[in-house]
Structures are given as structure tokens and as C-alpha cells.
Amino acid sequence: MKLGKYKHYKGKYYQVIGVAKHSETLEDFVVYKCLHNNPLSTLWVRPKKMFEEIVEISGKKLPRFKFVK
């Protein structure tokens with residue numbers, strides 16, 4: 001997993017700061033930070049498998065998050 005800036009398919013930007021392990025299952029989780037104002041939280045986690053998946057939007061397949069830099 002490259003650390004750095006990613007664009008979500010909905011258009012907002014996030015900074016991946018690392019990958020963490022779930023303490024019980026050892027599943028990989030991506031730890032990332034909003035690069036926009038989000039009143040709910042600044043830091044987020046998502047299963048790595050989900051972070052890297054391809055989603056289908058209006059019949060078009062896109063990465064959920066695309067590496068920018």
C-alpha cells in the first residue's frame with residue numbers, strides 16, 4: 001500500500017497514513033485522514049480489501065480510491 005494522497009471515486013481527497021492490523025483477526029486496515037472538513041471525524045479506517053476494491057457506478061468500473069501522489 002502506497003502512503004500518500006488518494007482520491008475517492010466521489011471526488012474527495014484523503015491521505016493514507018498507514019496500514020494497521022486488527023488485533024483479533026489480523027486483517028489489514030487502511031488508516032487514512034480526511035483532507036476536507038468532516039464534522040464526524042478526521043481519521044478513518046477501512047478494511048484494506050475494501051479500500052482497494054473496484055466499484056461500479058452507473059455501469060462504469062472505478063477504483064474506490066485512486067492513488068494521486
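**Salt bridges and their surroundings**

Glutamate 52 is partly exposed, at 43% relative accessible area. Its side chain meets that of lysine 48 in a salt bridge, 3.4 Å from N to O. The model is predicted. It holds three salt bridges.

Arginine 64 and glutamate 53 form another, with the closest N and O atoms 2.3 Å apart. This pair links distant parts of the chain, 11 residues apart. Arginine 64 sits in the loop between strand 6 (60-63) and strand 7. Glutamate 53 lies in the loop between helix 1 (48-51) and strand 5 (54-57). Arginine 64 has a relative accessible area of 13%, so it counts as buried, the cut-off being under 20%. Glutamate 53 is partly exposed, at 30%.

Lysine 21 bridges to aspartate 28, with 2.8 Å between the closest N and O atoms. Lysine 21 has a relative accessible area of 56%; exposed means over 50%, so this residue is exposed. Aspartate 28 is partly exposed, at 27%.

Five strands form an open sheet in the order 4-3-2-1-7, with antiparallel pairing. Strand 4 (43-47) and strand 7 (65-67) are the edge strands, and each pairs on one side only. Neighbouring strands of the sheet are turned by 40° against each other on average, direction ignored.

Three bridges join strand 7 to strand 1 (residues 4-8), and the two run antiparallel. Phenylalanine 65 in strand 7 is the bridge partner of histidine 8.

Conventions. Residues are numbered from 1 along each chain as its sequence is written. This is a predicted model: local features need pLDDT of at least 70, side-chain atom pairs count only at pLDDT 80 or more; totals for chains, interfaces and linings use all residues. Side-chain values use heavy atoms; hydrogens and water are left out. Two strands pair if DSSP finds at least two bridges between them. Helices (H or I, at least four residues) and strands (E, at least two) are DSSP runs, numbered from the N terminus. Axes are lines fitted to C-alpha atoms, for helices over the stretch in contact, and angles run from 0 to 180 degrees between N-to-C directions. A salt bridge is a side-chain nitrogen of Lys or Arg within 4 Å of a carboxyl oxygen of Asp or Glu. Buried means under 20% relative accessible area, exposed over 50%, partly exposed in between (1.4 Å probe, protein chains only).
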